Amino acid sequence: MKIITGDEFKNYWKANSIRSIDKAVENSVREIIESVRTQGDEAVHRYSSMWDKSSPDNFTVPYASAQNALRNLQASDPGLAEALKFSAENIRRFSLKQREQFADFEFQNVPGIFTGQKIIPVNRAGVYIPGGRYPLISSTLMCLIPAICAGVKEICLASPPAGDGFPDQRILASAAIVRDVCGFAGGFSIFSMGGAQAIAALALGTETVPRCDVIAGPGNKYVAEAKRILYGETGIDLIAGPSDILVIAGAESSPDLIAADMIAQAEHDPDARARALLPSQDAAQRLAESIKKRLHDLPSGENKNNAGASLQAGGLIIVYKNTDDAVRIANAIAPEHLELHVREPQTWAGSLVNYGSLFIGESSAEVLGDYSSGLNHTLPTLGSARFTGGLSVRHFLKTVTTLRCEKASGSRESLEAAKTIARAESLESHAWSAEIRLW
C-alpha cells in the first residue's frame with residue numbers, strides 16, 4: 001500500500017485523477033449505435049452473435065419466465081429470495097420517501113403573476129443489468145424500484161442472454177420480486193440482449209424494443225460509453241466508472257474494520273480504488289499490515305486477484321494533519337463511498353460535501369449501502385460527486401414550470417419589463433408580443 005502525507009496529496013492527485021476517453025472504445029461504440037439506428041433488430045442480432053453467449057431469435061422474454069425463475073429460487077435458495085425481498089422493501093420505502101420531497105406548487109410571485117412547477121414522471125424507463133460471471137442481481141432492485149416509485153408507467157429491462165437464450169435466472173427472479181413488492185401494474189417488458197447494442201436499442205428503439213425516455217443501470221466500458229454518446233437522445237442516470245471508497249479514520253479506529261471495507265471495494269475490479277485517511281504514520285502502518293494479512297488469508301481466485309491488483313495499482317493511505325486537512329482532501333477526492341470511522345462522526349458531516357453516499361460511524365458499513373439498507377448503490381464515480389448525486393427517483397422525474405397570468409399591477413409591470421429587455425436585445429417581435437398585451 002502506498003502511504004503519503006496530506007502535503008504530498010496535491011501532486012499525487014494531480015497526476016492520478018485524469019479522466020480520459022478510450023478512442024478505440026468510442027469508435028467501436030459509435031459504429032454499433034449507428035448500425036442499430038439504421039438497421040434496428042438486425043444490428044442487435046449481429047452484435048449479440050458476436051459478443052453475447054447466445055443470440056435468441058426473439059429478444060422478448062415472457063414475464064412468465066421471470067415468475068418461474070422466482071419460484072425456482074424460492075425452492076432452491078429460499079434465504080437469497082428472502083434477502084432480496086427484504087432489501088427490495090427497504091429500497092421501496094426509501095424511494096417513496098424521496099418521491100415525497102418532489103412536490104407540485106403554484107404561488108403568486110407578484111400581483112397577477114402565478115408561477116409554479118409540476119413534477120411529472122417519464123413515460124418509459126429502460127434498465128440495463130449486466131450478466132457475466134457475477135450478475136448484479138442487486139442492481140435489478142436498485143434501478144427498477146426508484147423508477148416504479150417515481151411513477152413510471154412502462155419499464156423495459158434488458159440483460160444479456162445466458163447460454164439458454166434467457167438472462168440470468170436470478171436477475172429474472174429479482175425482477176419478479178420487485179414487481180411483487182412494489183405492486184407494479186404498468187407495462188413491464190424484458191429483453192434478452194446485452195452490451196452497447198442493448199443500450200442503443202433502448203435509447204433509439206427498434207422493431208422489437210420501444211424507445212425509452214431514460215436509461216439506468218451499470219455495465220462495462222462499452223455500456224458506459226454508449227450511455228455517454230446517447231445522452232441527449234435519451235436521459236441517463238450516470239456514466240459509471242470504477243468503484244471507489246474513502247475511509248476517514250481516527251487514532252482509535254479499528255484497522256481491521258477499515259481493511260475489510262477497503263478490500264471489499266477492491267475486489268470489484270483491478271481498476272477499483274480504495275483509500276483511507278489516517279491521523280498518524282503509526283496508524284497508517286497498522287492499516288497497511290492489516291490489509292496485507294487479510295489479502296494473504298483470502299481464498300485464491302479472481303476476487304483475491306482483483307483486490308490485490310487494485311490495491312497495488314491505486315490503494316492509498318494518506319496521513320492527515322488535522323480535521324481541516326482531512327476534510328480538504330476528502331472533498332477533493334469526491335469519493336463514491338465515504339466512511340467516517342471517527343469519534344463524533346456527526347461533527348464531521350457538515351463539512352463534507354462531495355460524496356455519493358456518506359456512512360456515518362464505523363457500524364455503518366458500506367456493504368449495507370450496496371445491498372440492504374434502502375440506499376441506492378448506483379453512485380457517482382471518478383470524482384463526479386462534485387456535481388451530482390446517485391441514482392434516485394429524480395432521474396425518472398421531470399421538473400417543469402408553469403405560468404398563469406391575471407390582469408393586475410404585477411403582470412403589467414412584468415410585461416413592461418419584458419418589452420424593455422427585448423428591445424435592448426433588438427428583438428422587436430418579442431417586445432411587440434409583450435406590448436400588445438398591455439392594457
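Visitor: Let me start with a strand. How many bridges join strand E13 to E14, and do they run parallel or antiparallel?
Guide: Four bridges join E13, which covers residues 337-341, to E14, and the two strands run parallel. One thing to keep in mind as we go is that this is a predicted model.

Visitor: Noted. Which residue stands opposite Glu 339 in E14?
Guide: That is Phe 359.

Visitor: And what's the strand order in the open sheet?
Guide: The order is E1-E12-E11-E10-E13-E14, six strands with parallel pairing. Strand E1 (2-5) and strand E14 (357-360) stand at the edges with a single partner strand each, so one side of each has no neighbour in the sheet. From one strand to the next, the twist averages 20°.

Visitor: Which strands does helix H1 touch when it packs on the sheet?
Guide: Helix H1, residues 6-16, touches E1, strand E11 (273-278) and strand E12 (316-319). The direction of H1 makes about 115° with that of E1.

Visitor: Changing topic: how many aromatic pairs does the structure hold?
Guide: It holds six. One of them is formed by Tyr 47 and Trp 51, a stacked pair with 5.5 Å centre to centre and 15° between the planes.

Visitor: Where do Tyr 47 and Trp 51 lie?
Guide: Both are in helix H3, residues 41-51. They are four residues apart, which is about one turn of the helix.

Visitor: Is Tyr 47 buried or exposed? And what about Trp 51?
Guide: Tyr 47 counts as buried, because its relative accessibility is 5% and the cut-off for buried is under 20%. Trp 51, at 48% relative accessibility, counts as partly exposed.

Visitor: What sort of aromatic pair do Phe 184 and Phe 188 form?
Guide: They are edge-to-face, with 6.3 Å centre to centre and 65° between the planes. Both Phe 184 and Phe 188 are buried. Ring pairs also bring in Tyr 63, linking it with Phe 184 and Phe 188 into a cluster.

Visitor: Nice. Which arginine lies over the face of Phe 114?
Guide: Arg 404 does, at 4.2 Å from the ring centre.

Visitor: What else is E7 joined to?
Guide: Strand E2, residues 60-61, is joined to E7 (residues 187-192) by two bridges, and that pair runs antiparallel. There, Val 61 stands opposite Ile 190.

Visitor: What do E6, helix H7 and E7 make together?
Guide: They make a right-handed β-α-β unit, with helix H7 spanning residues 169-182.

Visitor: How many residues of helix H8 are buried?
Guide: 10 of the 10 residues of H8 (195-204) are buried, so this helix is largely enclosed by the rest of the structure. Among them are Gln 197, Ile 199 and Leu 202.

Visitor: What covers the buried residues of H8?
Guide: The cover includes helix H2 (23-39), H3, strand E5 (124-128), E6, strand E8 (214-216) and helix H9 (221-230). Just after H8 comes Gly 205, which takes a positive phi of about 85°.

Visitor: Now a loop. Where is Thr 378 found?
Guide: Thr 378 is in the loop between helix H15 (366-371) and strand E15 (397-405). Thr 378 is buried, with a relative accessible area of 11%. Leaving aside its neighbours within four places in sequence, its contacts include Met 142, Asp 237 and Gly 390.

Visitor: Last one: is Asn 303 buried or partly exposed?
Guide: Partly exposed, with a relative accessible area of 31%. Asn 303 is found in helix H12, residues 302-314. Setting aside neighbours within four places in sequence, Asn 303 is in contact with Tyr 134 and Glu 267.

Technical notes
Residues are numbered from 1 along each chain as its sequence is written. This is a predicted model: local features need pLDDT of at least 70, side-chain atom pairs count only at pLDDT 80 or more; totals for chains, interfaces and linings use all residues. Side-chain values use heavy atoms; hydrogens and water are left out. Two strands pair if DSSP finds at least two bridges between them. Axes are lines fitted to C-alpha atoms, for helices over the stretch in contact, and angles run from 0 to 180 degrees between N-to-C directions. Contact means heavy atoms within 4.5 Å. Rings of Phe, Tyr and Trp (its six-membered ring) pair if their centres lie within 6.5 Å; planes under 30 degrees apart count as stacked, over 60 as edge-to-face and the rest as tilted. Buried means under 20% relative accessible area, exposed over 50%, partly exposed in between (1.4 Å probe, protein chains only). A charge sits over a ring if NZ of Lys or CZ of Arg is within 6 Å of the ring centre and within 35 degrees of the ring normal. A crossover is right-handed if, with the strands pointing away from the viewer, the path from the first strand over the helix to the second runs clockwise.
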